[in-house]
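Welcome! Here is a short tour for anyone meeting this structure for the first time.

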Amino acid sequence: MANVTISPTRQELTRLKGKLRTARRGHKLLKDKRDELMKQFLDIMKEAKALRNEVEKDLETVYGSFTVASALMSSEAIEQALIYPKQSVELTMKFKNVMSVNVPQYDFHTKTQSDSDIYPYGFAATSGELDTAVDALGKVFLKMLKLAQIEKAGQLMAEEIEKTRRRVNALEYVMIPNTEESIRYITMKLDENERSATTRLMKVKDMILNQAIQERRERDERALAAREG
Amino acid sequence: MANTFSIAVIGDWDSVMGFKALGLDTYPAANPEEARGIIDRLAKEDCAVIYLTEQLAVNLSDVIDKYKDELKPAIILIPGKDGSMGIGKSDIQRSIERAVGADIL
């Protein structure tokens with residue numbers, strides 16, 4: 001008995017029955033939510049895993065080409081070439097509602113329109129390898145942005161799933177059994193009261209009956225005595 | 001909500017210099033403490049995505065966890081120039097474990 005202070009009244013019973021109904025419905029809904037979230041979450045995570053592998057591999061290649069570039073140029077020259085970017089990226093963020101989880105959707109705009117116009121340096125003082133490296137990085141960046149979106153969605157959904165799972169379990173293993181227990185307790189108590197009321201009535205009836213018989217007997221005796229006397 | 005946000009890259013200079021050419025905001029950080037300050041500052045500003053090198057992320061898991069449940073910024077680990085350390089991958093694994101309660105993939 002989790003809640004010992006419940007009063008065994010009909011009103012309380014009705015209240016608890018309502019509570020149980022709500023809890024059952026909530027439990028079912030939350031369970032559905034959890035299952036659907038889980039389904040979408042696993043899809044996202046599979047995608048994230050694949051994309052991450054890809055991005056990590058690509059980035060390694062890019063770092064490789066930067067290393068080659070820095071072997072051909074002095075590090076100061078590279079720094080100088082890259083220090084003032086021509087390109088600038090602006091990110092807009094929208095939200096998508098996935099099973100009541102707000103998931104960000106990134107969309108980015110670059111300042112320069114053409115892809116070939118991203119090099120922030122003149123070609124005279126730099127080596128061609130640097131162009132390749134920057135170009136490759138630009139391509140990887142698209143994937144990285146996608147990765148960011150997916151991973152963030154995954155993280156947010158993981159949180160939501162955890163919360164929902166806890167709620168489902170709390171309802172299933174604590175709330176619903178406790179309420180059922182309380183209802184059983186009240187029902188038993190009420191039945192008990194009813195039985196005791198019946199017994200009391202029977203007892204009272206017996207007593208009244210006995211009294212009536214006694215009175216009748218006394219009256220008969222008195223009448224008998226009067227006739228004999 | 002469609003404001004514009006910035007994208008930041010935090011890491012050692014060699015790892016981040018390339019991103020500079022792409023027009024991202026780069027923040028060279030030599031040590032985790034420096035990166036921690038930058039992340040906290042960026043989180044308050046309009047920064048939606050932070051790419052952080054794994055080399056720095058090793059000692060910053062508390063900061064990363066702090067922003068994990070926030071809508072922004074999204075802190076995404078990328079391998080630094082020394083190659084992948086597998087933290088990003090194990091992070092995915094961890095979110096799955098967190099959600100499912102067991103490792104099922």
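Predicted model: local features only at pLDDT ≥ 70, side-chain atom pairs only at ≥ 80, totals over all residues.

In it, 48 residues of chain A are in contact with 36 residues of chain B. Both a strand pairing and a helix packing link the two chains.

**The side of chain B that touches chain A**

- Five elements of chain B each bring at least two residues to this side: strand 1 (4–11), helix 1 (13–21), strand 3 (47–53), strand 4 (74–78) and helix 5 (87–100).
- Helix 5 of chain B gives the most, with 7 residues.
- Sorted by class, the side of chain B that touches chain A holds 21 nonpolar, 8 polar and 7 charged residues.

**Strand to strand across the chains**

- Strand 1 of chain A, residues 89–98, pairs with strand 1 of chain B; the sense is antiparallel and there are 2 bridges.
- To find your way around here, look for Leu91(A), which stands opposite Phe5(B) in strand 1 of chain B.

**Helix to helix across the chains**

- Helix 1 of chain A (residues 10–72) packs against helix 5 of chain B with the axes 10 Å apart and an angle of about 175°.
- Angles over 145 degrees count as roughly antiparallel, so helix 1 of chain A is roughly antiparallel to helix 5 of chain B.

**A helix pair within chain A**

- Helix 1 of chain A also has a partner in its own chain: its axis and that of helix 3 of chain A (residues 128–228) come within 4 Å and cross at roughly 160°.
- Helix 1 and helix 3 of chain A are therefore roughly antiparallel to each other.
- The contact of helix 1 with helix 3 of chain A has 38 nonpolar, 10 polar and 21 charged residues.

**Helix 1 of chain B**

- Is helix 1 of chain B mostly covered or mostly open? Helix 1 of chain B is mostly covered, with 7 of its 9 residues buried.
- The buried residues in helix 1 of chain B are Ser15(B), Val16(B), Met17(B), Gly18(B), Phe19(B), Lys20(B) and Ala21(B).
- Just after helix 1 of chain B comes Gly23(B), which takes a positive phi of about 90°.

Conventions: Residues numbered from 1 in each chain as written. Chains lettered and ligands numbered in written order. Contact = placed C-beta atoms within 7 Å. Nonpolar A, V, L, I, M, F, W, Y, C, P; charged D, E, K, R; others polar. Pairing = 2+ DSSP bridges. Axes fitted to C-alpha atoms, helices over the stretch in contact; angles between N-to-C directions. Parallel < 35°, antiparallel > 145°, perpendicular 65-115°, else oblique. Buried ≥ 20, exposed ≤ 12 C-beta atoms within 10 Å, placed from the backbone.
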